[in-house]
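The sequence and structure are shown first.

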Amino acid sequence: RPELGLVLPALLVSVDGVGPFLVLKTASGSAGAVTEALDQAGWAGVIGTIAGDDTVLVITRNQRQRQEIAARIQELVK
């Protein structure tokens with residue numbers, strides 16, 4: 001069970017989004033680990049996640065929640 005605070009600083013490349021959709025770019029092959037860690041964290045604003053090879057799509061209920069989740073993720077990367 002990956003810990004989000006450990007996984008993100010090591011694997012996250014960038015954060016971007018529009019509307020309720022947040023896109024996390026990761027190191028190649030790392031999207032699954034980031035997605036699992038985010039799902040295990042159980043953040044209330046996250047409806048669901050979808051992982052590719054190096055991209056995670058995080059779905060939130062609205063733009064405000066997307067911005068809050070993005071801010072939380074960027075805080076963990078610092």
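In this predicted model, Ile50 has Leu57 of strand 4 as its bridge partner. The pairing to which these strands belong is antiparallel: strand 3 and strand 4 are joined by 5 bridges.

The elements discussed here have the following ranges.

| Element | Residues |
|---|---|
| Helix 1 | 4-11 |
| Strand 2 | 21-26 |
| Helix 2 | 31-41 |
| Strand 3 | 46-51 |
| Strand 4 | 55-60 |

Helix 2 contributes Ala31, Val34, Thr35, Ala37 and Leu38 as buried residues. These residues lie on the same side of helix 2, because the arc they cover around the axis is only 165 degrees. In general, an α-helix has 3.6 residues a turn, so residues three or four places apart point the same way. The cover over the buried residues of helix 2 includes helix 1, strand 2, strand 3 and strand 4.

Which residues does Thr35 contact, leaving aside its neighbours within four places in sequence? They are Thr49, Ala51 and Val56. Thr35 itself sits in helix 2. Its relative accessible area is 8%, and Thr35 therefore counts as buried, the cut-off being under 20%.

Just after helix 2 comes Gly42, whose phi is positive, at about 65 degrees.

Taken together, helix 2 has its buried residues on the same side, and strand 3 and strand 4 are among the elements that cover them.

Notes: Residues are numbered from 1 along each chain as its sequence is written. This is a predicted model: local features need pLDDT of at least 70, side-chain atom pairs count only at pLDDT 80 or more; totals for chains, interfaces and linings use all residues. Side-chain values use heavy atoms; hydrogens and water are left out. Two strands pair if DSSP finds at least two bridges between them. Helices (H or I, at least four residues) and strands (E, at least two) are DSSP runs, numbered from the N terminus. Buried means under 20% relative accessible area, exposed over 50%, partly exposed in between (1.4 Å probe, protein chains only). Contact means heavy atoms within 4.5 Å. The arc is that of the directions from the helix axis to the C-beta atoms.
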